[in-house]
Amino acid sequence: MDNFYGISQDQLYLYGTGAEHRCFSFLGAHLMNLDGQDGVRFAVWAPGVRRVSVTGEFCGWSQDSHPLEPLGSSGVWAGFVPGLEEGALYKYFIETAGGGLLYKADPVAFSSEMRPGTASRIASLDYEWKDGFWMYNRGRTNHFARPMNIYEVHLGSWKQHPAGNRTDPQEVPAEAYYSYRELADTLLPYVKEMGYTHIELLPVMEHPLDASWGYQTTGYFCATSRFGKPTDLMYLIECCHKANIGVILDWVPGHFCRDAHGLGRFNGEKLYEDMDHPQWGTYEFDFGRSEVRSFLFSSATFWLEVFHADGFRVDGVSSMLYLNFGLEGEAANRTNREGGDGNLEAISFLREFNQMVGRDFPGAFTMAEESSAWPLITRPPEEGGLGFHYKWDMGWMNDTLRYMKVDFPGRPYNHNLLTFSMMYAFSENFILPLSHDEVVHGKCSLITRMPGDYWRQFAGLRMLALYQMTHSGAKLNFMGNEIGQFIEWRFYEGIEWFLLEYPHHQQHQAFIKALNHLYLQEPALWQQSYSWEGFEWLDADNAAQSVLLYVRKGKKPVDTAVVAINFNTDSYASYRIGVPQAGSYVELINTDASEFGGSGMHLNCEPVQSEEIPCHGQEQSISIKLPPMGGAIFKCKSKNSKKS
């Protein structure tokens, strides 16, 4: 058998060895013409079963009308059904080796029935892309030397249409969702206006339960039907690229949901899965099985190649790396063949995945959501690393939010929470995340973490944003953070945009917009974000006043920026800080500006001339106004030749 229904022996062989990266080209449901007949070729991997047939609404869900044939010993079953067209619903009917009868959705389906339906849907992926300029330049651009300020979005709750009464308040009616195309017309202009460089989408892969936010997936090749067709998502991504906005997709290779129509026990026994996930009620993938590796490599390729995604944020990497993740007691004594607790098959998979992305998709990148101290996450495999491009800095996030909750009298005693992140800041290529995980499950919204009255809470939120933006590393913020939403994020309703009718929320949004655009304009804030060449402490140790002073550097000395942040309630009419060169310093932004909701009393409206007064290890210094619970960024605009 050299070729069966257009499927080659080479494809089947590579799939069985774990080396196939495009299984979506032959598995699944493909519209095609075979021997002069239009129809659909079906192919599914289901080894060790008695029989497989395809069934659907086109045959009254008959179990036997369209049997598939086994392709040798590959475990793949295939067949052709003439006359079928795009949009038809289908499943696979499987009789297991033990005589069990299963109805399974297609693991490589391109589209699915809207939940609560669970059938797969025949779909065309034909799309005439018009983002060639972006894709050409992406492969020729060093993303480490570009700004990266990410707006994290859950598409189902960014905004919603009015949808009448809900029988279940957490069940979102289909008509409430904005479609992919509506989001292209609404979300994208907002992201562009606000000054973000990328959007990161919580998983858009098909999932049965809204409350999983997409992290318990059934469709690893399937854009969720909640918001439209696969080609509609392509349109949204294309529009982002034409607007110079990158698109990052959350991707979940660590585990999958147990729903009966999904991947679990696909042939009546373990096939895709290795074991139960101890924390999330899901199955872990079997990374040691070659066909599973081919399946996951192909899924990654699919979103990068077919949908033009620019990168992945890989969810739950820690749960993949550790054999004993989430286990307790005697169960937590598993070791690998080398005596350690690392999951060697998962480690191997992640290294190969990252190498594949870097090799096959120049300019695309991967980022790890990894919360442990596992070393070398962003170092190349040949150096013993995992090969990710970026890692979320969960340590920075946890320390910073712990500090921001401390009431003002206690802050001098917790100063190290602010400074510790710089002890390891360049051990990895970090992204500083204030993500969806930090505004759910009783953790409170960002603004309600801030102590003090209403005014101080907004001042604290502006200060947090300034600190994040001027700290080394890329940036990420979840939707709603930018308007100071008080309630936690709720996946079943839209962000409370009505808050923008109130001045403080308007002003906070204006501050975030101004700060984002300043970030884009100032190379010092992003050009050397992943090495000590881009950062220098002026004063890290002023715990008594809760003040941080530091310098951010671009590749040119003229781009250097000086940052002063006061984390306590005292203000200073004259606060002296060292500066790296003589000249006249202008204030680029100040959190206390009245247009941002501040008092307007602690601005440095006129340029500040440096003086030959040594301070903070510098020969020159300036005296500035420093606001309470806020800060400012300064830049030398004209050198003083007499003093330089």
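Here is a short walk through the aromatic pairs, charges over rings and salt bridges of this structure.

The model is predicted, so a word on the ground rules: local features need pLDDT of at least 70, side-chain atom pairs count only at pLDDT 80 or more, and totals for chains, interfaces and linings use all residues. Residues are numbered from 1 along each chain as its sequence is written, and side-chain values use heavy atoms, with hydrogens and water left out.

Let us begin with the rings. A search of the whole structure turns up 62 aromatic pairs (rings of Phe, Tyr and Trp, the last by its six-membered ring, with centres within 6.5 Å; planes under 30 degrees apart are stacked, over 60 edge-to-face and the rest tilted). One of them joins Phe144 and Tyr530: the ring centres are 5.7 Å apart and the planes stand at 80 degrees, so this pair is edge-to-face. It links distant parts of the chain, 386 residues apart, with Phe144 in the loop between helix H2 (132–138) and strand S11 (149–153) and Tyr530 in the loop between helix H11 (503–521) and strand S24 (535–542). Here helices (H or I, at least four residues) and strands (E, at least two) are DSSP runs, numbered from the N terminus. Phe144 is partly exposed at 26% relative accessibility, whereas Tyr530 is buried at 15% (buried means under 20% relative accessible area, exposed over 50% and partly exposed in between, with a 1.4 Å probe and protein chains only).

Phe221 and Phe295 are also edge-to-face, with centres 5.3 Å apart and planes at 75 degrees. Phe221 belongs to strand S14 (residues 219–223) and Phe295 to helix H5 (residues 290–305), 74 residues apart. Phe221 is buried at 0%, and Phe295 is buried at 0%.

Rings meet charges here too. Arg181 lies over the face of Tyr235, 4.3 Å from the ring centre (the criterion is NZ of Lys or CZ of Arg within 6 Å of the ring centre and within 35 degrees of the ring normal).

Now for the salt bridges, of which the structure holds 29 (a side-chain nitrogen of Lys or Arg within 4 Å of a carboxyl oxygen of Asp or Glu). Arg226 and Glu206 meet at 2.9 Å, N to O. Arg226 sits in the loop between S14 and helix H4 (230–242) and Glu206 in strand S13 (residues 205–206), so the bridge ties together parts 20 residues apart in sequence. Arg226 is buried at 6% relative accessibility, and Glu206 is buried at 5%.

For a bridge in another setting, turn to Arg359 and Asp360, which meet at 3.0 Å, N to O. Arg359 is exposed at 52%, while Asp360 is partly exposed at 35%. Finally, salt bridges that share partners join Arg115, Glu171, Glu206, Asp210 and Arg226 into one network.
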